Amino acid sequence: MLGILQAIFLIINMALTLYWYVIIASAIFSWLYAFNVINSNNQFVNQMGLFLYNATEPALRPIRRYLPNLGGLDISPIVLLLIIVFIQAIIRNPIAPFFYSLVA
């Protein structure tokens with residue numbers, strides 16, 4: 001039973017870490033797109049941008065509803081990254097030992 005819980009925590013942690021990188025890539029892509037650094041007419045660039053948007057927008061949209069309007073500055077990815085770090089800290093520290101002691 002202990003191995004199953006460790007595997008579940010490991011998978012959740014890995015998924016959160018992967019999503020962390022997707023959020024970073026989406027933010028960098030949006031900057032490059034906004035400053036016309038990348039060619040928006042390229043089909044690969046459009047597909048990559050669509051993927052990053054579809055992967056991050058469902059998590060960022062609720063955060064944007066509660067944030068104040070800062071003009072052109074969007075800090076919702078930073079807030080989402082902080083939420084991910086918070087969840088990972090909870091998984092690594094207080095919850096994991098609690099569940100491990102229940103199994104033993």
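**Notebook: the largest pocket and its surroundings**

I began with the largest pocket, which has 22 residues in its lining; S26, A27, S30, D74 and P77 are the ones nearest its centre. I note at the outset that the model is predicted.

I then looked up which elements supply this lining. Those that give two or more residues to the lining of the largest pocket are α1 (2-34), α2 (43-66) and α3 (76-103). I recorded α1 as the element that gives the most, with nine residues.

Next I sorted the lining by class. I found 14 nonpolar residues, five polar and three charged in the lining of the largest pocket.

I also looked up the volume. The space in the largest pocket comes to about 520 Å³. As a reminder to myself, rolling a probe the size of a water molecule over the atoms shows where empty space is left.

I turned to the protein as a whole. I counted three helices and zero strands, and I read the order of elements from the N terminus as α-α-α.

I checked burial over the chain. Of the 104 residues in the protein, 23% are buried, where buried means under 20% relative accessible area.

My last entry concerns contacts. Taking contacts between residues at least 6 apart in sequence, I noted that 63% join residues at least 24 apart.

Methods:
Residues are numbered from 1 along each chain as its sequence is written. This is a predicted model: local features need pLDDT of at least 70, side-chain atom pairs count only at pLDDT 80 or more; totals for chains, interfaces and linings use all residues. Side-chain values use heavy atoms; hydrogens and water are left out. Helices (H or I, at least four residues) and strands (E, at least two) are DSSP runs, numbered from the N terminus. Buried means under 20% relative accessible area, exposed over 50%, partly exposed in between (1.4 Å probe, protein chains only). Contact means heavy atoms within 4.5 Å. On a 1 Å grid over the protein atoms alone, a cavity is a set of points where a 1.4 Å probe fits but cannot get out, and a pocket is an open set with protein on both sides within 12 Å along at least five of seven lines; lining residues have an atom within 4 Å of a point. Grid points are joined across faces, edges and corners, and a volume is the space filled by probe spheres set on the points. Ala, Val, Leu, Ile, Met, Phe, Trp, Tyr, Cys and Pro count as nonpolar, Asp, Glu, Lys and Arg as charged, and the others, Gly among them, as polar.
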